[in-house]
Amino acid sequence: MTEFGEIKASVLNIPPEYPFVDCLARYLLDRYQADLTKLGDITILTTTRRAARALQNAFLRETHGKPLLLPRMRPLGDVDEDELALEGDLSGDQQKALELPPAIESLRRQLLLSRLIATRDPEAYDLSRAAGLAIELSRLLDQVQTEGLELDGLKELVPAEYAEHWQVTLEFLKIISDVWPRILEEEGAIDPARRRDLLLRLQIEEWQTNPPDGEIFAVGSTGSIPTTADMLCLVASLPNGTVVLPGVDKHLDEQSWEIVQKDPSHPQYGLSRLLQKMGVSREDVPDLKLEGLQNCPTDRSAFLSEAMRPASTTDKWQDTHIPAVKDFGGVIQINCSGAQAEAQVIALAMRQSLEDPTKTTALVTPDRDLSRRVVAELKRWGLEVDDSAGSSLDQSPPGIFLRLTARLVAERFDPLVLLSTLKHPYSAMDYPKGTFRQLIRELERKVLRGPRPAEGLSGIQALVKLKQQHGEISDELAAWFEEFCELVRPFSDLMTEPQVDFELLVKSHVRFAEQLSVFAETGDTNLWYGHFGESAAGFISELLRASDIAGQINPESWAELLDSLMVGRMVRSRYGQHPRLQIWGPIEARLQRADRMILGGLNKGIWPPEQAGDPWMSRPMRQDFNLPLPEKKIGLSAHDFQQAFCAKEVILTRAEKLDGAPTVPSRWLLRIETLLRKNGESLSGSEGLNLQDWQNRLDRPVTIAPVDPPRPTPPLFARPRRLSVTRIEKWIKDPYSIFADAILGLKPLDEIGMAPGGAEKGTLIHEALEKFVKCFPDHLPADAEERLLKIGGEVFADVLAYPAVWAFWWPRFERIARWFVEFERERRETFKPTLLEAKGTIDIPAPKGSFTLSGTADRIDENGNGEVSVIDYKTGSVPSDKQVETGISPQLSLEAAMIERGGFTDLKSASVIELLYLRLSGGEPAGEVKHSSKKVPVTELAEAAYEGLSRLIAQFDKEATPYLVRPRPDFVDRFNDYEHLSRLREWSGGQDD
C-alpha cells in the first residue's frame, strides 16, 4: 500500500440533498470572491469528462453566464502527456510518463485476442465466434488491471480445487497470462487500463515528491478503483489538497456503519472503505451545506438511509419513526402497465415540465430500451433530446448499412436481405431517389415476390432476364439490375474464395458500400456524413490499421465478424439537443441534478442491472484472485440511486409487465414500499394519477364510433358472370372475398422469396399422380410403386433442395405412393380412368343474363356400364358430409351436375354414380377414401347444388344484395386473404356471430 502523510481536515462531504456540482462551484466562488482570477491556479480532479463539463456549467449558472477564468479540470486517471509536456521542466516521473508505450487500440486488441482464441481451438472457434469471446476476455483484462492485479496471479489458482469445467477455463486463460504479455511487448503497446493505472501512479509519485503549488481538489469519486483511492488519499494528505466526497451517509447508526464496510451491495460501501483507508471517521468529515441550494428536506435522505440499511439490521425498522411522505417534498411513484406506457408517462412528465420556462428535467435510467422509447415519444412534440449514453454504432444508420451490405453477399443474395439493403435510406446508386425507389418496388413486386429464385446473384439475374423476355418487367429495371450486378461483383467474387486477405476484403466491402450509397443529387456518398458517419469512418480506419493481424480469413465469416467488432462501440452526439431536457445514465447523474429527476425502469434486473455470470471465473476463483464480487457493482448502482433520489422533484417509474410477463420491482423500491407501508404511507400521489390519465388519453380517439360490417353493393354490370366450381364455395361462405377479388381486382401479394408451401405441395402431388395414371391408363406394372416414385422424383426435382421438402414432404409422398398403388389395383377391377384434369363449362340461365360455371375435375373414372365416378385429390382437409349435403361445399356436386348436362366436351352426357374424395396426407393412414355423402344419392346432390347455385345467382342479380363478410359463421375458411380488408376484428369483437 502506498504510504501517505497525515490526512488533516481536508475531506469534505456534500450531502445527497444538495446538488453536488452547484454546491462545489458556489463554495469555490465564495472562497475566492476577493480575487476570482486565482481560480485559474486551482486543479480539480473529476470522475469523468462529463463531470468536468457539468462543473463548468455549474460555474456558468452561478455567475449567470459572466466570463470567468475557470479552474483546470482533469478527469481522474486521464492524465494527458501533452499537458505534462507543457508544464515546463519535466521531472523524472513526468519523463517516465512520456516514455510509456501507447495504449493498444481496442479493435487491434480484439483481433489479436481473437486470433489467439481461434488458434487455440480452430475447430470450435472461427474468427467471428472468437471475436465475441475476445470482448469478454478484454473485459477480464481490464478488470484485473483496474484492480491493480498481475496476470501471473492466475497461475496461483489451484485448478484441482475447482470443478472440472473451471479447470479447463484456467488452462484456457493461460493465453492472457503467458502469451498476451509477450504479444504486447512485440506490439510496443500496453493495455489501456494498465496505462491509465501507471500514469495515475506516476502522478501520485510526482506529487509526493513535488506537491503542486496551487490548490488541488479531488471531487465526486468514491474511490472504487484502488489507484483512484490512492490518489484521493494523497490529495487529502497534501497541505493544499482537498477531497470532496459525494453523499456520505451521516444518518446511519454506528453499528450498521461497521457492517456496511463488509457489505459490497450497500450504497455506502465504497465511501466507508475509502474513509477507512484514509483513517478518517464520518464525524471528522464536515458537510458542505450552502444556503439556498438544498434540493429536498433532510428527512428524505434520512428516510432513504433507513430504507437502505444493511439487511442484518432491518429489525431496527420496528422502532424507527418514519416522517410523513408530505414532509419528503415532491416524490411520487408511478406503476405503469407496460414498457410503452412507462415511456409515454415519462415523456409526458418531461413535456409537462417545459411549461415552467426555467425548469430542468432529466430521465435517469440504465435501461437503454426505455430511453430509446422516451426519445421517440418526445418527438410527438418536436422535442429532440440527447441521450448521454449514446447509441451503439451497429444500430446507427451507417452501421446498419455496412452490416446489411456484408450480409447481402454472405447470405448469397437472399431476397429479404437484398430488399432490406436496397430499401435502406443510404441506397441510391447515383440514381435520383424517386427513380431508385420505383425500380426497387418493381423488383420486389415482379421478381422477388413468389417462388424463391435459384441461389445467388446469378439466380436472380437469370430470373430478371427471363421476365424481361416475357415482357413482365420494364427494360429500365433489367438495365439497372445489370448495373447493380457489375457494382457488387468484385465484392461477391471475393466472398466465394476459400481464404481472402482481410485488408482486401474490407476495402472491397467499403468500396461497394460507398458506390451503392452515392446520391445523384449530391454526386457523393452519404455514408460518412454526420457524427454517426464520422464514427463509422473512424471504425473502418481503425479496422484497416489492424488488418495485418487478421491476415487471411474465411470470407463466409465476415458478416458475423463485422457484427462482433462493431457491437458496443458507442456514438454520442457532440452537442445536447435540448437545453432543459436530458437523458442520463446513473453514472452521469451522480454529480448532476435537474429540478425534476425521473428514475425509470425500477425493476429487478434493470436497476440494479442483472449481474450475469462471469464466463471466466466462479465466485471462489474471483475471491482467491482478489477480484471484486458482482455485489460491488450493485453497491455503486445503489449509491447512484441514493444521490438521484434527493433531487427537488423525483418521479419513480416501473413497468408492471415486460413483453407480457409480470415484473418484480427493484430491491430498493421494495424496501421503500415496505418501510412506508409499515407507517401507512405511500408514494402514489395525485400527480402520478394525472400523468397516467394523460397517458391513457394520449392515443385515444376523440370519439369512438362503432364500425358496421361492410355491405358493399356494386352495380350489376360490375358483378362477375363467370366463376369456377371452387370459387362457388367461397361465394357461399364469404361473398366479400369474391367482391374484393373478382370485382375490385385485388390480388394478394406473394411472400418474398417464399419456399414451397401447402398449395405447392398439393400441386406437385396432383401432377405426379396425374402423370402416373396417364402412363398406365389400363393396367399397372408389377413395379408400379417404383415407377410412381420415379415420376414423383422428377416432379419434385426443383424443390427437393429445400430442407423442409426433403425432410417432410418426400417421406410423406413415399407413403402416399405405396397407398395409392394399392388403391389403384383394387379400383381398376371396376373403374378405369377416363379423363384427367378435365375442363368444362355450362351456362346457367339467370335474371340478368346467362352465368357461366367452369370447373376442372381432377379425375373422372368410368365403369363398363357407362356410369362415371368423379374423384378429387385432397392433400388438406376434406369437407364433412353435412357441408356437402347442405350445399356449403358443392364442388363435386356441381361437377356432377356439369357432367349430366354435357359440360365436359371430352365426355358425353353420363350418369354420375359416385363422388369420391381421396385424402392424401401421407400420415397414418397415408391415404383415405371418402364418399361425398353416405345418405344422399349423387343425383340428388347434383340437382340440389345446381338449384342452389341458380338461386344464389338470382339473389346476387339484385343490386340490393350485399357481398357480406362471413354470412355463415359456422362454416369459415381457415385461410382468408381478404379478412383484414373487411376489418373483421374491429367490428366483430365482443359481438355474437
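Just after α2, His64 takes a positive phi of about 55°. The model is predicted, so local features need pLDDT of at least 70 and side-chain atom pairs count only at pLDDT 80 or more, while totals for chains, interfaces and linings use all residues. Residues are numbered from 1 along each chain as its sequence is written, and side-chain values use heavy atoms, with hydrogens and water left out.

Helices (H or I, at least four residues) and strands (E, at least two) are DSSP runs, numbered from the N terminus. Helix α2 covers residues 49-62, and its 14 residues should span 20 Å at 1.5 Å a residue, the expected span being 1.5 Å times one less than the number of residues. The end C-alpha atoms of α2 are 20 Å apart, which agrees.

Buried residues (under 20% relative accessible area, with exposed over 50% and partly exposed in between; 1.4 Å probe, protein chains only) in α2 are Ala51, Ala52, Ala54, Leu55, Ala58, Phe59 and Glu62. They cover an arc of only 160° around the axis, which puts them on the same side of α2; the arc is that of the directions from the helix axis to the C-beta atoms. An α-helix has 3.6 residues a turn, so residues three or four places apart point the same way. The buried residues of α2 pack against α1 (20-31), β2 (43-46) and β3 (72-75), where contact means heavy atoms within 4.5 Å.

Strand β16 spans residues 596-599; Arg596 and Ile598 point one way, Met597 and Leu599 the other, and all are buried. Strands pair if DSSP finds at least two bridges between them. Strand β7 (residues 361-364) pairs with β16 in the parallel sense over four bridges, with Val364 opposite Leu599. Strand β17 (residues 649-655) also runs parallel to β16, joined by four bridges, and here Ile598 stands opposite Ile651.
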